Amino acid sequence: MVGVRRAIFVSGLGLGLALVLAVPACQSKGKASKRDAGVTVEVKPKAPEALRAPQIKPPLPVDKPPADAEQITGVEGGPRAVIYIKRLAPGTGEHPHKNDTVSLNFTGWRTTGETFLTTTVRKRPVQQSLARLAPGFSAAVVTMKKGERAMMWIPPELGYMGAPQSTPEVTIYEVELVDIEPGPTTPPDVAAPPADAKKTTQGVAYTRVKPGTGKDKPRFHDFVQMNYSAWTATGRLVDSTVVTKQPKQTFMFRETPAFEEVLRTMTVGEVVRIWMPEHLIEMMPPMAKGTLCYELELIALKQTPAPPRPPPDVAAPPASAKKTAKGVFYKELKPGTGTAHPAPTDKVRVHYTGWTTDGRIFDSSIVRGEPTALQVDRALPGWTEALPLMVVGQKMRFWIPVELAFDNQPGQPKGMLVFDMEMIEILPPTPTPAQKTP
């Protein structure tokens, strides 16, 4: 959902060792693929902005903290570990809270004195939610005031956001707290729902925080826009479109059934608080565990055409269905008017609707109101197998086995997938520069 299909809260800034940020689940090293039903588009991960710089001399020796450094203990995730902080210049503003967004200038060193990252290359502060930074770093920053400058020694138990990719080590930072932007207010009942909370048929507790101003409630195929924030039972913010200032826009059927059930009770302007058990969350945000408390606001609702109903044979291909060499079953629903079949490198325009074998829709170009254009050999593997069987005007049904679909990847439709597909057009090849007329 709601940070469930895509646990995107922050994007990796390449901040090096101890200041490791949570990277979105859809990214990976090297080339990545972004798949939307049948469509696959190659995506090159954005190169992080360079933060590394020539070696910078620290203002104090870094091999060990000075004797008069303050100690911070009892931090969640490493209660026995000790953080040391030495104030270098006083601040005049407020302290940030653990879920606030802060603007920071900083430089990091190893105990050898080697500089491993710095914001001096950027020549502007880094802005980030404290909830998405290494726990030791965040714990030290919340003791600072706006405008303050300090050095901190972060123990290896608290210096990483998630599992470290190399041997954990003590890291040292000089940090200037430039600005503070308040984060979403943590609900007072974040740890557990109140006794009067309502429950959905799936056992999700929810309460209404603010009434809506709209009249219509979203149907399962409507398009919605929403803002949400999510906290662990300890009040740690783990996902938020409010922080990123990017409301989520999606079709209702792309949400998990547990979230869809709550959304269908809402009207535009309404705010609800949800306590979602971990087993009902399709993709947990990084560093999150257990039941999460969501605060969800429905911002906008767009009614869309209803998709086709699930076919009667959605659960399994009938005995009359044919089968390709790689295991895609298919049958013709309507004959075509064309004679040519698309080649692997051809681009085509198709209308399609996709269901899981229990009859739940997960995507439809019909609902979106326009056909999808794609290159055959850059589609979902099962589509690459299926599309060359078709001609223009033809409509077919395909049963695509899991290994040629999304292979049970987190956040994607599971198991065998069923598609009704109509070939609208085989697009002419794009002229090369040499073929273009001057």
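These legends describe close-up views of a predicted model. Residues are numbered from 1 along each chain as its sequence is written, and side-chain values use heavy atoms, leaving out hydrogens and water. Local features need pLDDT of at least 70, side-chain atom pairs count only at pLDDT 80 or more, and totals for chains, interfaces and linings use all residues.

**View A. The largest nonpolar core has 27 residues.** A nonpolar core is a set of buried Ala, Val, Leu, Ile, Met, Phe, Trp, Tyr and Cys residues joined through side-chain atoms within 4.5 Å; buried means under 20% relative accessible area, with a 1.4 Å probe and protein chains only. I83, L104, F137, M152, Y173 and V175 touch the most other members. At least two core residues come from each of several elements, among them β4 (83-89), α1 (135-141) and β9 (171-181). Helices (H or I, at least four residues) and strands (E, at least two) are DSSP runs, numbered from the N terminus.

**View B. V175 and its contacts.** Contact means heavy atoms within 4.5 Å. Beyond its neighbours within four places in sequence, V175 contacts residues including L104, F137, M144 and M152.

**View C. The hairpin of β17 and β18.** Two strands pair if DSSP finds at least two bridges between them. Strands β17 (residues 322-323) and β18 (residues 329-334) run antiparallel, joined by 2 bridges. K323 lies opposite F329. Of the 5 residues between the strands, G327 has a positive phi near 105°.

**View D. Strand β22 with β18 and β23.** β22 (residues 395-400) is antiparallel to β18, with 5 bridges; Y330 faces F398 and F329 faces W399. β22 also pairs with β23 (residues 417-427) in the antiparallel sense over 6 bridges, where M396 stands opposite M421. Because 5 of its 6 residues are buried, β22 is largely enclosed by the rest of the structure.

Definitions and conventions:
Buried means under 20% relative accessible area, exposed over 50%, partly exposed in between (1.4 Å probe, protein chains only).
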